[in-house]
Amino acid sequence: MEENATVSFAIIGSGIAGMSTALHLSQFGNVVIYTKSQVISGSTPLAQGGIAGVVSKDDTFESHIEDTINAGRGENKRSVVEVLVRNAPQEIQFLRDLGVPFEKEQHLEGGHSFPRISNVKDISGKVIAEVLAFNVLANKNITIQEYADVYHLDAQKKQISYRKKNKKYSVVSDFIIIATGGYSSLYRDSTSPKENMGDGISLAIEAGIKTKDLHKVQFHPTVLNKQRDNKPQLLLTEAIRGFGATIINTEGEQFIDPLLPRDVVAKAIYDEEQRQKSKNCVFLDARKVPNFADHFPFITETLQNEFFLDPQKEVLPITFGAHYCMGGIETNIWGETSCTDIYAVGECANTGVHGENRLASNSLLEGVVFARQIARDIAKKIKNKNRIWHKEREERMICDEVSSDHGISDSYNTIFLQTIRNTLSQYLSIETEKEKKQKNIQIAKDVLWRIRDADTFSFLSQKNKMVFVLVQQLVQDAEDALY
Ligand SMILES: Cc1cc2nc3c(=O)[nH]c(=O)nc-3n(C[C@H](O)[C@H](O)[C@H](O)COP(=O)(O)OP(=O)(O)OC[C@H]3O[C@@H](n4cnc5c(N)ncnc54)[C@H](O)[C@@H]3O)c2cc1C
């Protein structure tokens, strides 16, 4: 039997966006973070390059704004870009004050016209995630529910349901914040952790909350062209190119300026692969990068230990991979979704800040800037004396219903995901020519129809049905964008 527990703030996801929001909201009431696996999870700990923001006196907000809008091909919402860029110094300082030991010098990345990336070697995300987790765990007003996989959102009741250790629970909350990251791992070649399947976006679609531009996925141009079991492909950060690495083909020709925005570089690699009819014809040449191992210790170690590659002695095989999702749950500058008191933040949100293409190192920044925007908005709401809310209530554990995904065939679910990953990678990646796009979208739609119509659809796990909902919307958005 289910009974409702209540909390002031239910946050789904513990990346930079979820944890930063939790820290801000903890001053107002009890916060519970529900996260699918461990507290340090999602894309945040994988971030290598760092976080963008004007720190040097020689740099300007106007320049960061212009770079962001240039990368976004002018499709960004300027007012949102202003919020992002002008709040960046304060948020970088916020992370420093929490304990992130950013290096003294900022570095340069593709698409930026000034060295404005604050970093901690090539493990910026890992250090940020650890520092945030430390502060969250030490905060008495924040509870973390690890291995709590949220599978349902009732927007009217403000209720979320999650599974934990084969039990199901439901919680009603005054405010719900979705911070579940992106869905890049739905593509075959991807830099994102397998758990980032867009759950929060599927929950939103099912709950009738507006999403936007799900077809807008950013492909990172320099992903090591080698697959790993249950791990994302290794990203070779833009910063390597900032230190002078070049991109070459099998003839040793530098066919693209490596410091152009990542969508331009990724498209050039896609074209080169099409021209050579091969997935194995592009390389990153980092042999002349001075002191590679000092700047990129994590990458050096991973290349050597897992792939037996030495970046100072040999060129590295690369391809492009799904890396970041510009599309997501539509929000305004306060993180509000189309449903009152339900917010979205971080990569799962679409604020309009990135336009067609996110500028490197603007996404950690987005997580931390819009976390505070949400707190500002909620502060205004709860100061309204007519508003009744549950500041003092504690979460109570409830329902003891045993969870089961009803006799699913594991192999069918595996095949389903493989089909989705191959379909998205092959038909909804970098192609820009309209006619080819039309043809590709039709093929993807046919695949989805066949999956939907098959008797086996009912054997899909609940999670994979959520994936299906998201992919259907993604294909629809891609088609709508054509006309
Ligand atoms: C390899 C790599 C390198 C990158 N480098 C950089 C960089 O240098 N600079 C930069 O700015 N950006 C970088 N990015 C992008 C950046 O890391 C992400 O956009 C950002 O970390 C997203 O943060 P987030 O909090 O929105 O989501 P995430 O960090 O992805 O966190 C999502 C959270 O939601 C949880 N979750 C998901 N579904 C559920 C569910 N159903 N129930 C409960 N919990 C759920 C996950 O477990 C996780 O805790 C990089 C990304 C990758 C993959």
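Helix H1 (16-25), strand S6 (149-154), strand S13 (316-325) and helix H10 (363-383) each give at least two residues to the shell around the ligand. Helices (H or I, at least four residues) and strands (E, at least two) are DSSP runs, numbered from the N terminus. This is a predicted model: local features need pLDDT of at least 70, side-chain atom pairs count only at pLDDT 80 or more, and totals for chains, interfaces and linings use all residues. Residues are numbered from 1 along each chain as its sequence is written, and side-chain values use heavy atoms, with hydrogens and water left out.

**Ligand shell**
- Around the ligand sit 40 residues (a heavy atom within 4 Å); Ser41, Thr44, Gly50, Asp199 and Glu347 come nearest.
- The shell holds twelve nonpolar, 21 polar and seven charged residues.
- Here Ala, Val, Leu, Ile, Met, Phe, Trp, Tyr, Cys and Pro count as nonpolar, Asp, Glu, Lys and Arg as charged, and the others, Gly among them, as polar.

**Polar contacts (N or O pairs within 3.5 Å)**
- The side chain of Thr44 places an N or O atom 2.5 Å from a ligand oxygen.
- For the side chain of Thr35, that distance to a ligand oxygen is 3.1 Å.
- Ile16 uses a backbone N or O atom, 3.2 Å from an oxygen of the ligand.
- The protein buries 98% of the 1000 Å² that the ligand exposes when taken alone (Shrake-Rupley method, 1.4 Å probe).

**Confidence**
- The chain's average pLDDT (predictor's confidence in each residue, 0 to 100) is 92, and 94% of the residues score at least 70.
- Residues 392-398 have pLDDT below 50; beyond near neighbours in sequence, this stretch has 24 contacts (heavy atoms within 4.5 Å).
- Residues 402-408 also stay under 50, with 15 contacts beyond four places in sequence.
- Where pLDDT is low, predicted coordinates should not be read in detail.

Key
Polar contact = N/O pair within 3.5 Å; in protein donor to acceptor, adjacent residues only side chain to side chain.
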